[in-house]
Amino acid sequence: MTDQPSRDSSNRADLGKDPSRVSGMFDEVAAGYDRTNTVLSLGNDKLWRVAATRAIAPRRGQRILDLAAGTGASSVSLARSGADVVAADFSAGMIAEGRRRHSGIPNLTFAEADATALPFADEEFDTVTISFGLRNVNDPDKALREMLRVTKPGGTLVVCEFSHPQAPVMRSLYGFYNDRVLPLVARAVSSNPDAYDYLNESIRDWPDQQALAARIRDAGWESVEYRDLTFGIVALHRGRKPLTAPAQGATAANREESATGTVEG
């Protein structure tokens, strides 16, 4: 079964992460995207979504921005808490599919948005979250600063993203699965298997847990911490926007901090 009829493979993204090519690639797989992810992750995508939701801890009265929301699968779980959720993605195809599936949820809205130039006001959201999308942004550091801009002082950031297993045995097994098994499965279940070749490339090129934590701090977030999910295949990072602007030199000091502790939930 394929997620939709095959289309021009020219939308296969690369590590240049041209926004039009990346969004076009996701447009092509929108209809079957969630099902394909569940198959390729061996069902772990649902567990990762639960972990991210617990870290966000949504509640009624909050306003939450869910970036790279795709078809809104993660946004729906946040909206069930009663929070006002904006599901944003730069793929028009993903947003259209999300609206088709979830238009009946009153506290969930969809918006087409570029993470590096968010169409939202300063300090508009209590929490900003992005799952498996920061890696696809052509300027992640700029995106992290934009997320900071639209978050209220004291508000939180939650990033759920593929990472790098630290244990040698798990790292080898994960590498074997990504290099040998995943491409075969992707060709069986996806109409655009080239998209999953890009997935492997982007994961290999992505910083590890501590390096990403440092980049989040450099963007202006404080109290940055992370924990591994599924032996480090995925890492869940969380940070907080300072209540006041940092004093001069504070950002440099933050760079020297090591990310310690765990993300609760």
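These legends walk through several close-up views of one predicted model.

Because the model is predicted, local features need pLDDT of at least 70 and side-chain atom pairs count only at pLDDT 80 or more, while totals for chains, interfaces and linings use all residues. Residues are numbered from 1 along each chain as its sequence is written, and side-chain values use heavy atoms, with hydrogens and water left out.

**Figure 1. The whole chain, for orientation.**
The protein chain holds ten helices and seven strands. Helices (H or I, at least four residues) and strands (E, at least two) are DSSP runs, numbered from the N terminus. Of its 265 residues, 52% count as buried; here buried means under 20% relative accessible area, exposed over 50%, and partly exposed in between, with a 1.4 Å probe and protein chains only. Contact means heavy atoms within 4.5 Å. Among contacts between residues at least 6 apart in sequence, 69% join residues at least 24 apart.

Follow the order 3-2-1-4-5-7-6 and you have walked across an open sheet of seven strands with mixed pairing. Strand 3 (108–112) and strand 6 are the edges; each has a single partner strand, so one side of each is left without a neighbour in the sheet. On average, neighbouring strands are turned by 15° against each other, direction ignored. Two strands pair if DSSP finds at least two bridges between them. Strand 1 and strand 2 (residues 84–89) run parallel and are joined by five bridges. In this region, Ile-64 stands opposite Val-85 of strand 2.

**Figure 2. Two helices on the sheet.**
Helix 3 lies across strand 1, strand 4 (125–131), strand 5 (151–162), strand 6 and strand 7 (234–240), and runs at about 165° to strand 5. Helix 9 also packs on the sheet, where it touches strand 5, strand 6 and strand 7, and its direction makes about 155° with that of strand 6. For these angles, axes are lines fitted to C-alpha atoms, for helices over the stretch in contact, and values run from 0 to 180 degrees between N-to-C directions.

Helix 5 (residues 92–102) has Met-94, Ile-95, Glu-97, Gly-98 and His-102 buried. These residues cover an arc of only 165° around the axis, which puts them on the same side of helix 5. The arc is that of the directions from the helix axis to the C-beta atoms. In helix 9 (residues 209–218), the buried residues are Gln-209, Leu-212, Ala-213, Ile-216 and Arg-217. Seen down the axis of helix 9, they fall within an arc of 145°, so they line one face of the helix. Just after helix 9, Gly-220 takes a positive phi of about 115°.

**Figure 3. Aromatic pairs.**
A pair of aromatic rings is described by the distance of the centres and the angle of the planes. Rings of Phe, Tyr and Trp (its six-membered ring) pair if their centres lie within 6.5 Å; planes under 30 degrees apart count as stacked, over 60 as edge-to-face and the rest as tilted. By this rule there are four aromatic pairs. Trp-48 and Phe-162 have ring centres 5.9 Å apart and planes at 85°, so this pair is edge-to-face. The pair links distant parts of the chain, with Trp-48 in helix 3 and Phe-162 in strand 5, 114 residues apart. Both Trp-48 and Phe-162 are buried. For Phe-120 and Phe-125, the centres are 5.2 Å apart and the planes at 90°, so this pair is edge-to-face. Phe-120 counts as buried at 14% relative accessibility, and Phe-125 counts as buried at 0%. Ring pairs also link Trp-48, Phe-132 and Phe-162 into a cluster.

**Figure 4. Around Ser-131.**
Ser-131 sits in strand 4 and is buried, with a relative accessible area of 18%. Not counting residues up to four places away in sequence, Ser-131 touches Ala-52, Leu-67, Ala-68 and Cys-160.

Ala-57 has a positive phi of about 55° although it is not a glycine. Ala-57 is found in the loop between helix 3 (44–56) and strand 1 (63–67), and at 41% relative accessibility it counts as partly exposed. Ser-223, in strand 6 (residues 222–229), is a residue other than glycine with a positive phi near 50°. At 45% relative accessibility, Ser-223 counts as partly exposed.
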